[in-house]
Amino acid sequence: MADKARLRDCKRLALFCFTLVTAWETVSGKIRYSIPEEMHKGSFVGNILKDLGLDLKELSDRGVRIVSTGRTQYFALNLKSGHLITTERTDREQICGQLETCLLHLEVLVEDKVKLFIVDVEITDINDNAPRFQEDELEFRISELAAVATRYSLEEAQDPDVGINSVQGYYLSSNKHFSLDVQTGADGDKYAELVLEKSLDREEQDVHDLTLIATDGGDPVRSGTAQIRVIVLDANDNAPVFSQPVYKVSVLENVPVGSLLLTVNATDPDEAIHSEVTYSLRKMKDKASQVFQVDSKTGEISTVGNLDYEEAASYEMEVQAKDVGDLSARSKVLIRVIDVNDNAPKITIASLFSSVSEDNPPGTLIALLNIRDKDSGENGEVTCSIPGNLPFRLQKSFDNYYSLVTDRPLDRERVSDYNVTIKATDRGAPNLASKTTILVQLSDINDNAPIFNQTSYTLYITENNPRGASFGSLKANDPDSGENARVTYSIPGTQIQEAPLPSSISINSETGALYALRSFDYEQFREIRFQVQAQDGGSPPLSSNVSVTLFILDQNDNSPHILHPSFPTDGSTGVELAPRSSEPGYLVTKVVAVDADSGQNAWLSYQLLRATEPGLFSVGLHSGEIRTARSFVDKDALKQSLVVLVKDNGQPPLSATATVTVVVADSIPEILSDLSSFSAPADPQSSLTLYLVIAVASVSCLFFTFILVLLALRLRRWRNSQLFDSSNVTFSGVPVSQFVGINGVRAFLHSYSH
């Protein structure tokens with residue numbers, strides 16, 4: 001399941017990157033909906049699924065979602081139905097104030113097609129607000145000498161609704177002294193004036209109570225009332241007059257609360273108390289009444305709340321000057337708010353692919369960013385940047401959108417993830433900046449084969465090892481991750497000399513530990529060379545091989561082997577001849593031995609363990625040569641038995657013994673004459689010696705007879721040839737056997753002795 005999701009993400013990302021250039025050039029047409037205000041949360045706005053031309057299954061597969069850019073998210077996409085629904089109560093007056101047309105802009109992103117749809121939702125007004133006067137009771141002080149048709153401005157009623165649902169008319173309760181004149185201003189607002197229809201007489205009636213009614217044009221009609229009290233005063237001939245018909249002032253939006261903006265001035269030519277003027281603000285919207293105030297005595301207009309250029313760039317109101325006799329004048333006040341750089345850019349991540357394959361080409365899309373600054377002019381111009389040492393770059397797509405794309409090939413084995421800090425800076429003075437950090441993780445591909453820690457391995461094991469003994473471990477590392485980094489080990493070879501390799505050596509496929517499946521013999525194998533393969537779990541898998549040399553260490557497990565004298569198989573003992581006339585140091589024979597071990601385990605030393613006549617013979621420590629240590633004497637026995645110990649230099653040392661029988665005689669007849677002394681051996685070893693002497697004598701006699709016969713035949717043939725040549729040379733009186741017998745015997749005995 002995870003593999004399918006990953007494949008789907010890769011396809012989406014590939015399509016996203018492929019169509020990015022053309023997709024940013026044009027934005028799909030606008031979709032517009034219209035809904036009345038005051039709709040409850042979850043209300044239906046429009047079937048956006050149908051308008052986008054998608055079916056319900058494609059809605060989630062193609063990644064259709066709303067990109068939020070405002071402070072409050074009023075709408076959401078229902079993925080089960082494909083409908084655009086409200087998420088908050090929509091109060092038109094709160095959202096748009098007095099704007100004639102209230103539009104909320106949405107941006108719907110279809111990630112699969114990389115299309116951005118602009119959706120405008122118009123909030124239409126309903127008559128949910130009644131007109132309301134700023135003051136419930138209005139008081140006018142009018143001189144009894146006021147002329148008929150004198151007009152007195154009345155406070156306008158405020159209705160947050162717009163259009164036909166706003167204030168449409170004013171009505172005055174019936175009376176004989178006053179009437180109401182309703183007029184329409186240049187801005188379309190209606191305002192009422194109280195008109196004196198009949199002269200006042202303070203003595204007749206000093207107070208007149210009237211009711212002012214304001215109505216809107218909604219259905220049903222809503223209304224608001226204010227009570228008017230007219231107090232009749234003594235004579236007041238002149239109304240106040242402002243020094244300017246229009247007052248204009250520009251003010252920075254960050255001025256502190258209580259700052260003086262301007263001072264208005266109105267004068268009244270009357271004298272005494274009738275020249276006193278009081279000031280008040282009229283025709284102010286609800287928000288303006290919370291921001292500005294006027295000092296009723298001095299005419300100073302100051303702030304009582306914070307200004308915000310982003311909420312209102314200008315304010316328009318009227319200031320009224322009224323004297324004690326309620327004669328008044330009005331002047332317009334225009335306040336222009338100057339933008340200051342008080343808003344840092346806002347970075348919104350519209351779309352993010354937090355995991356990117358390391359083999360994606362340069363230009364692959366990582367994130368789509370929306371960057372806005374609510375300030376205006378240079379204060380709202382934004383530049384974006386990222387650190388220069390990262391393999392990414394920012395490029396402007398359209399409008400306020402930027403795309404973060406790869407700038408060069410990526411390698412997860414060098415850097416597995418990046419924290420990309422995106423900084424947005426405006427051009428205000430001083431400039432403001434905001435940052436956001438995106439974690440970009442690189443997903444692995446199998447682009448690295450396992451690497452052994454060494455280029456080759458040399459391992460050692462002592463011979464005669466137990467089966468299953470571990471003699472070393474190999475380690476290979478794969479810089480990839482996950483299954484791509486899971487390494488398994490194997491031995492690819494099949495033959496090691498004459499033995500199958502799998503039956504001799506095995507390796508743990510997970511840990512790389514090597515084991516001996518048989519007991520090795522140094523004398524059979526001195527070293528074993530084989531290959532070990534490390535393979536990862538990627539698809540397709542990658543592998544590497546390394547050469548391993550296993551040296552088998554020698555153990556002192558072989559005793560010296562006697563080559564000469566060879567051990568008889570018939571129970572006899574080898575016999576060596578030593579002339580009785582031998583001088584001291586005469587070489588009688590040599591004990592030859594070998595050791596199958598090596599090194600110091602094969603260093604052999606010889607020593608005479610036992611002898612018939614101690615001191616008669618000596619043995620070379622390292623040569624094994626048996627020599628006479630002194631001259632023979634008559635009392636020395638004919639047969640000398642020597643036991644030679646051959647010992648190696650191992651730990652512990654191993655040894656073998658060789659028994660050498662030396663017969664002291666000058667000729668074979670002398671040997672034969674003394675054979676009787678061997679007839680009664682004291683032990684089985686003596687019987688063997690006797691048999692050996694008899695056999696040697698017999699073979700010698702046969703060989704001697706064969707030589708005599710051969711010489712006789714050769715002499716006869718030679719003689720016949722001489723006779724044929726009439727030669728007189730003869731060998732008369734000389735026996736043939738005597739001619740060659742002595743030399744032949746001597747040659748035989750000499751050879752045999754050595």
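User: How many salt bridges does the count come to?

Analyst: This is a predicted model, in which local features need pLDDT of at least 70, side-chain atom pairs count only at pLDDT 80 or more, and totals for chains, interfaces and linings use all residues. Residues are numbered from 1 along each chain as its sequence is written, and side-chain values use heavy atoms, with hydrogens and water left out. A salt bridge is taken as a side-chain nitrogen of Lys or Arg within 4 Å of a carboxyl oxygen of Asp or Glu. By this rule the count of salt bridges is 19.

User: How many residues apart in sequence are the parts tied together by the salt bridge of Glu381 and Arg427?

Analyst: The side chains of Glu381 and Arg427 meet in a salt bridge with an N to O distance of 2.7 Å. Glu381 lies in the loop between E26 and strand E27 (382-385), and Arg427 in the loop between strand E30 (417-426) and strand E31 (433-443), so the separation of the parts tied together is 46 residues. Strands (E, at least two residues) and helices (H or I, at least four) are DSSP runs numbered from the N terminus.

User: Are Glu381 and Arg427 buried, exposed or in between?

Analyst: Buried means under 20% relative accessible area and exposed over 50%, with partly exposed in between (1.4 Å probe, protein chains only). Glu381 has 34% relative accessibility, and Arg427 has 47%. Glu381 therefore counts as partly exposed, and Arg427 is likewise partly exposed.

User: Which residue meets Arg412 in a salt bridge?

Analyst: Arg412 counts as buried at 11% relative accessibility. Its salt bridge has an N to O distance of 3.1 Å. The partner is buried as well, with a relative accessible area of 7%, and the residue is Asp444.

User: Where do Arg412 and Asp444 lie, and how many residues apart in sequence are the parts that they tie together?

Analyst: Arg412 lies in the loop between E29 and E30. Asp444 lies in the loop between E31 and strand E32 (451-452). The pair therefore ties together parts whose separation in sequence is 32 residues.

User: How far from buried Glu358 is the nearest side chain of opposite charge?

Analyst: Glu358 is found in the loop between strand E25 (355-357) and strand E26 (365-372). For charge, Lys and Arg count as positive and Asp and Glu as negative, while His and the chain ends are not counted. Glu358 has no salt bridge, and the nearest side chain of opposite charge, Arg412, is at a distance of 4.6 Å.

User: Which residue has its backbone nitrogen 3.0 Å from a polar atom of the Glu358 side chain?

Analyst: With contact meaning heavy atoms within 4.5 Å, Glu358 touches residues including Arg412, Asp444 and Asp480, not counting residues up to four places away in sequence. Ser443 and Asp447 are also among the residues touched. The backbone nitrogen at 3.0 Å from the Glu358 side chain belongs to Ile445.

User: How many bridges join strand E24 to E26, and how many join E26 to strand E29?

Analyst: Two strands pair if DSSP finds at least two bridges between them. E24 (residues 346-352) runs antiparallel to E26, with Ser351 opposite Leu368. E26 and E29 (residues 401-406) also pair in the antiparallel sense, with Leu365 opposite Val405. The bridges number six for E24 and E26, and for E26 and E29 the number is five.

User: Why is E26 largely enclosed by the rest of the structure?

Analyst: Asn370 lies in E26 and counts as buried at 1% relative accessibility. The side chain of Asn370 joins that of Arg372 in a polar contact of 3.1 Å; such a contact is a pair of N or O atoms within 3.5 Å, where within protein one must be able to donate a hydrogen and the other to accept it, and residues adjacent in sequence count only if both atoms are side-chain atoms. E26 is largely enclosed because the buried residues among its eight number seven.

User: What is the geometry of the aromatic pair formed by Phe452 and Tyr457?

Analyst: Rings of Phe, Tyr and Trp (its six-membered ring) pair if their centres lie within 6.5 Å; planes under 30 degrees apart count as stacked, over 60 as edge-to-face and the rest as tilted. The count by this rule is ten aromatic pairs. Phe452 and Tyr457 lie 6.3 Å apart, centre to centre, with 75° between the planes, and the pair is edge-to-face.
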